[in-house]
Amino acid sequence: MSGWVVLVMTCALALLMVFPLWIALINGFKPADDYIHNGPLSLPSRLDFSALANFWVSIDFNRKLLNSVIISGGVAFIAVALSLFSAFAIGIGRIKGRVWILAVFMVAFTIPQEALVYPLFKISRDTGLYDSIWGVVIILAVLQSAFGTYMLSSVLGTFPKEVLEAARLDGAGRWQLLRDIVLPLTRPTLAVLVTFFFIWTWNDFFLPMILLPSAKNQTVSVALGALSGQYTSDPTALAAASLAGILPALVFFLIFQRTLMRGINIGAIK
């Protein structure tokens, strides 16, 4: 009986989470007069792409989309690389004070962005990285690598010592251990981190808003936040804008969902 209760609650929560996406989907392609007469919950009588097309052209959405892809992809892969190198040194290299170092990383990824915004703003301005896409990539990659390092260090700390000792006896150095043994075995976990980092960065609003003031460097989330007031009088245009911002991250998640679930299952088995 308890299993059915959990199943029903899970389905209800899933429907609750999908409902906003469904509302954006049916209203983003609904004519304005159809929305006025039938309301937001009705299905569109015909498909109207004008709201989405007008939004796409008015804010140069192609540029915003490219900015978000570059930033999210760059942060995901750089943060994972930094996490892997740091976790290898902590988890397998067994450097001195590893417990305190992990504690510092744990504290680092719990600090809210609001507390870091002024020093990050000053550093980026002094180094010439203010209003630069790559400046945001570097900052977010370093910030997110704190979580990645903490997570990977826990995984590598339980790595089979017999495998490492056998490789060392065969003459493998540190780089060979990392490249030929650790990297292949931790690839599912790294894929999980890449997926998380990409989606987190895609949805990040605060730091890109502060560090990327010019319109040409804005991300999708910042562009949607800036335009929300402009389209409040046109719900169909606002729904189309929301749909345009949600779909790329959703497509990325659907493409990598098998990799994500395989990584989670492997981590659970370990």
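Modeller: I shall begin with D180, which counts as partly exposed at 45% relative accessibility. Buried stands for under 20% relative accessible area, exposed for over 50%, and partly exposed for the range in between, with a 1.4 Å probe and protein chains only. The model is predicted, so local features need pLDDT of at least 70 and side-chain atom pairs count only at pLDDT 80 or more, while totals for chains, interfaces and linings use all residues. Residues are numbered from 1 along each chain as its sequence is written, and side-chain values use heavy atoms, with hydrogens and water left out.

The side chain of D180 meets that of R179 in a salt bridge, at 3.0 Å from N to O. The term requires a side-chain nitrogen of Lys or Arg within 4 Å of a carboxyl oxygen of Asp or Glu. R179 is partly exposed too, with a relative accessible area of 40%. A search of the whole structure finds 2 salt bridges. Another salt bridge joins the side chains of D126 and K122, at 3.1 Å from N to O. D126 and K122 are separated by about one helical turn because they are 4 residues apart in helix 6. Helices are DSSP runs (H or I, at least four residues), as strands are (E, at least two), numbered from the N terminus. D126 counts as exposed at 52% relative accessibility, whereas K122 is partly exposed, with a relative accessible area of 35%.

D131 is not a glycine, yet it has a positive phi of about 60 degrees. Its relative accessible area is 23%, so D131 is partly exposed.

Let us now turn to helix 9, residues 174–203, where T186 is found. T186 counts as buried, at 1% relative accessibility. Leaving aside residues up to four places away in sequence, T186 touches L84, L156 and F159; contact means heavy atoms within 4.5 Å.

In soluble globular proteins, nonpolar side chains tend to be buried together. Among the contacts of I92, with residues up to four places away in sequence not counted, are L156, F159 and V182.

Finally, consider helix 1 (residues 2–28), which holds A24. A24 is buried, with a relative accessible area of 8%, and it touches A239 and L243 when residues up to four places away in sequence are not counted. F19 also lies in helix 1, but F19 is partly exposed, at 44% relative accessible area. Together with V18, W22, L25, L41 and L43, F19 makes a nonpolar surface patch of about 610 Å². Patches are made of residues with over 30% relative accessible area and no salt bridge, with like charges joined within 9 Å and nonpolar side chains (Val, Leu, Ile, Met, Phe, Trp, Tyr) within 5 Å.

Definitions and conventions: Accessible areas come from the Shrake-Rupley method with a 1.4 Å probe; for residues, only the protein chains shown count as cover.
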